[in-house]
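Here is a short note for a colleague who is new to this model. Please read the points with the structure open.

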Amino acid sequence: MKGNWKWLLAIFAYIIFHRFPMALLGFIIGSLIDASQVYVVSNRQGSLSQSDFLRSLLMLFAAIMKADGKVMQSELNYVKSFLLQNFGEATTLQALQNLREFLDSDIPLDEVCSRIRHQMSYPVRLQVVHFIFGLASSDRVISPQEMRIIEQAAIATGINHQDFESIRSMFVEETNWAYRVLEIEPTASDDEVKKAYRKMAMKYHPDKVNTLGEEVKKAATEKFTRLSNAYEKIKRERGIS
């Protein structure tokens with residue numbers, strides 16, 4: 001029925017009243033109903049509370065930290081620093097307690113990722129992947145086990161392959177990594193490079209996650225900075241002003 005109310009009411013009004021103006025009125029009313037349904041569906045995602053967001057993120061953190069069979073002190077330091085910088089001391093104390101509980105438990109990764117996929121907007125899900133990459137790289141080496149967990153989480157949360165490779169290239173500097181961040185080929189023209197940066201800047205802008213509060217928005221600035229660094233690298237190499 002979703003998306004068809006305008007036609008249903010238009011036909012119904014014409015059958016009942018046998019007048020085109022009434023059919024038109026039915027069409028208009030139906031269009032308003034359809035529009036309201038679209039609004040509800042589009043806003044169903046991204047309505048997750050900050051506490052639920054943080055809980056889901058901590059469970060993913062725990063899965064990454066346990067992936068290679070040992071929890072590194074550098075990982076614990078990263079999480080604590082991340083929480084203090086972005087959520088404050090009071091929230092950090094409770095979050096670290098939750099993290100310890102998650103580290104001692106089996107993480108239902110598919111269930112967590114399914115909840116993230118259905119309750120978070122796509123820009124927020126991109127930010128989640130960026131956060132777990134940050135944790136995995138905190139000891140300067142992303143192990144194969146950690147990468148598998150990240151890939152599994154990205155697929156399960158509905159992140160497309162190109163966006164995944166873009167974020168991955170922010171942390172794994174391979175040949176042409178800057179171009180991968182911008183989701184273009186090294187053969188792209190200067191104009192295509194500029195266009196790609198503008199497109200990615202809109203996708204990764206911190207304002208995309210402002211529904212989760214200033215704390216998460218502040219943390220999202222790092223991803224935007226990495227994007228800008230990739231663009232500046234290409235500009236220097238090409239002599240683009």
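1. Axes here are lines fitted to C-alpha atoms, for helices over the stretch in contact, and angles run from 0 to 180 degrees between N-to-C directions. Keep in mind that this is a predicted model.

2. Start with helix 3 (residues 50–66) and helix 8 (residues 144–156). Their axes come within 8 Å and cross at roughly 150°. Angles over 145 degrees count as roughly antiparallel, so helix 3 is roughly antiparallel to helix 8. The crossing of helix 3 and helix 8 is right-handed.

3. Which residues meet between helix 3 and helix 8? Helix 3 brings L60, A63 and I64. Helix 8 brings E146, I149, I150 and A153. Six residues of this contact are nonpolar, one is charged and none is polar.

4. Now the aromatic rings. The structure holds seven aromatic pairs. F61 and F82 make an edge-to-face pair, because their ring centres are 5.7 Å apart and their planes stand at 80°. F61 belongs to helix 3 and F82 to helix 4 (residues 73–87), so this pair ties together parts 21 residues apart in sequence. Both F61 and F82 are buried.

5. F82 also pairs with Y78. This pair is stacked, with 6.2 Å centre to centre and 15° between the planes. Y78 and F82 both lie in helix 4, four residues apart, about one turn of the helix.

6. Is each of these two residues buried or partly exposed? Y78 has 21% relative accessibility, so it counts as partly exposed. F82 has 7%, so it counts as buried.

7. One aromatic cluster is formed by F61, Y78, F82, F87 and F131.

Methods: Residues are numbered from 1 along each chain as its sequence is written. This is a predicted model: local features need pLDDT of at least 70, side-chain atom pairs count only at pLDDT 80 or more; totals for chains, interfaces and linings use all residues. Side-chain values use heavy atoms; hydrogens and water are left out. Helices (H or I, at least four residues) and strands (E, at least two) are DSSP runs, numbered from the N terminus. Angles under 35 degrees count as roughly parallel, over 145 as roughly antiparallel, 65 to 115 as roughly perpendicular and the rest as oblique. A crossing is left-handed if the near helix is turned anticlockwise from the far one by less than a right angle, and right-handed if clockwise. Contact means heavy atoms within 4.5 Å. Ala, Val, Leu, Ile, Met, Phe, Trp, Tyr, Cys and Pro count as nonpolar, Asp, Glu, Lys and Arg as charged, and the others, Gly among them, as polar. Rings of Phe, Tyr and Trp (its six-membered ring) pair if their centres lie within 6.5 Å; planes under 30 degrees apart count as stacked, over 60 as edge-to-face and the rest as tilted. Buried means under 20% relative accessible area, exposed over 50%, partly exposed in between (1.4 Å probe, protein chains only).
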